[in-house]
Amino acid sequence: MKSETPLHRVEGLGPAHSGTQHFWRERITSVALIPLTVWFGFAVLALVGGRVVDVLTFFQHPWNAGLMGLFIITLLIHSVIGMQSVIDDYVQQPGLKVFALLLNRGFAWLIGAISLVALLRIVS
Amino acid sequence: MADIPHARPTRPRPLSPHLQIYQWSVTMATSITHRITGVALYVGFVFIAWWLVAASMGPEAYEPFLAAAANPIGQLVLFGFTWAAAYHLLNGIRHLAWDVGYGFLPKDAMWSGVVVVALSIIAAVGVFLWAYTVRMGGPVS
């Protein structure tokens, strides 16, 4: 313990060198997702049975486009962390684990990027 | 103690008791359901992307999406995602309450679990009843 530098001790992160970012990010996104998911549910209900023009008109309102963008980004971050904790728990073989973690990020970011680009296409 | 620690054991080492030995409880069931619905909603993200892409590409692309959603299997899938979202959201609130230190007593954790399951079913059925009766008269998305 004596070999610990004062900076290292005050950081309080131990030998892992990183702390509770994932834990906090998961909580923060989950709090944000409560109102965003409820909003998304009502938005979808408002568009049920409608034509494509209704969807376009809906998202051309800045409020709706902004909330949808925020919903996609928050959902993306929350999904990546959530799936990572599942992989951390169940995938034990190191090589397979790294592959699964990369696949998780690649897949989720791709879906998130596609969603955002589609939203921007609708808005513009 | 083994003489050669790195030698392969001649018979499998004893394992600690696993899932099948425990009696199922409300808290166990709600916990694993939270994880399963989370993974399901991860896949559900693809359907949100599909919806936005279809809408962004105009009526020719949106019609097949609507047809797929209106299909009985599509409706079943959408109902599943609706319930999973309702459950994960409500149980997530329960988890956040635990995070700040509320509801940890076994009886509290049990009744809140029952409430979450009941409310999630009511919410999912409510959304579909609203979609079918208030929003329209037929099965579309």
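Let me begin with one residue, A:Arg27, which has a relative accessibility of 19% and therefore counts as buried, where buried means under 20% relative accessible area, exposed means over 50%, and partly exposed lies in between, with a 1.4 Å probe and protein chains only.

Before I go on, a word on what we are looking at: this is a predicted model, in which local features need pLDDT of at least 70 and side-chain atom pairs count only at pLDDT 80 or more, while totals for chains, interfaces and linings use all residues. Residues are numbered from 1 along each chain as its sequence is written, chains are lettered from A and ligands numbered from 1 in the order in which they are written, and side-chain values use heavy atoms, with hydrogens and water left out.

Back to A:Arg27, then, and to its partners. A:Arg27 forms a salt bridge with A:Glu26, and the closest N and O atoms of that pair are 3.1 Å apart; by a salt bridge I mean a side-chain nitrogen of Lys or Arg within 4 Å of a carboxyl oxygen of Asp or Glu. Both A:Arg27 and A:Glu26 are buried. A:Arg27 also forms a salt bridge with B:Asp99, with 2.7 Å between the closest N and O atoms, and this pair crosses between chains, from helix α2 (residues 21-47) of chain A, where A:Arg27 sits, to helix α3 of chain B, which holds B:Asp99. When I say helix, I mean a DSSP run of H or I with at least four residues, a strand being a run of E with at least two, and both are numbered from the N terminus. B:Asp99 counts as partly exposed, because its relative accessibility is 38%.

Which side chain meets B:Asp108 in a salt bridge? The partner is B:Lys107, at 3.6 Å from N to O. In this pair B:Asp108 is buried at 19% relative accessibility, whereas B:Lys107 is exposed, with a relative accessible area of 58%. Salt bridges that share partners, on the other hand, join A:Glu26, A:Arg27 and B:Asp99 into one network. Over all chains, a search of the whole structure finds five salt bridges.

Let me now turn to chain B as a whole. Chain B has four helices and zero strands, and from the N terminus on its elements run α-α-α-α. Of its 141 residues, 29% count as buried.

Next, the packing of two of these helices. Two packed helices are described by the angle between their axes and the distance between the axes. For helix α3 (residues 72-99) and helix α4 (residues 106-135) of chain B, the angle is about 145° and the axes are 9 Å apart, the axes being lines fitted to C-alpha atoms over the stretch in contact, with angles running from 0 to 180 degrees between N-to-C directions. α3(B) passes α4(B) in a right-handed crossing, which means that the near helix is turned clockwise from the far one by less than a right angle, a left-handed crossing being the anticlockwise case. The residues of this contact divide into 18 nonpolar, six polar and one charged, where Ala, Val, Leu, Ile, Met, Phe, Trp, Tyr, Cys and Pro count as nonpolar, Asp, Glu, Lys and Arg as charged, and the others, Gly among them, as polar.

B:Ile122, another residue of the helix, is exposed, with a relative accessible area of 57%.

What residues make the nonpolar surface patch of about 440 Å²? The patch is made by B:Val43, B:Phe47, B:Trp50, B:Ile73 and B:Val77. Such patches are made of residues with over 30% relative accessible area and no salt bridge, with nonpolar side chains (Val, Leu, Ile, Met, Phe, Trp, Tyr) joined within 5 Å and like charges within 9 Å, and the accessible areas come from the Shrake-Rupley method with a 1.4 Å probe, only the protein chains shown counting as cover for residues.Helices α1 (26-56) and α3 of chain B each supply at least two residues of the patch, and α1(B) gives the most, with three residues. B:Phe47 is found in helix α1 of chain B and counts as partly exposed, at 30% relative accessibility.

Finally, a residue of chain A: A:Val55 has its place in helix α3 (residues 52-60) of that chain and is buried, with a relative accessible area of 0%. A:Val55 and A:Ala43 are 12 residues apart in sequence, and their C-alpha atoms are 9.5 Å apart in space.
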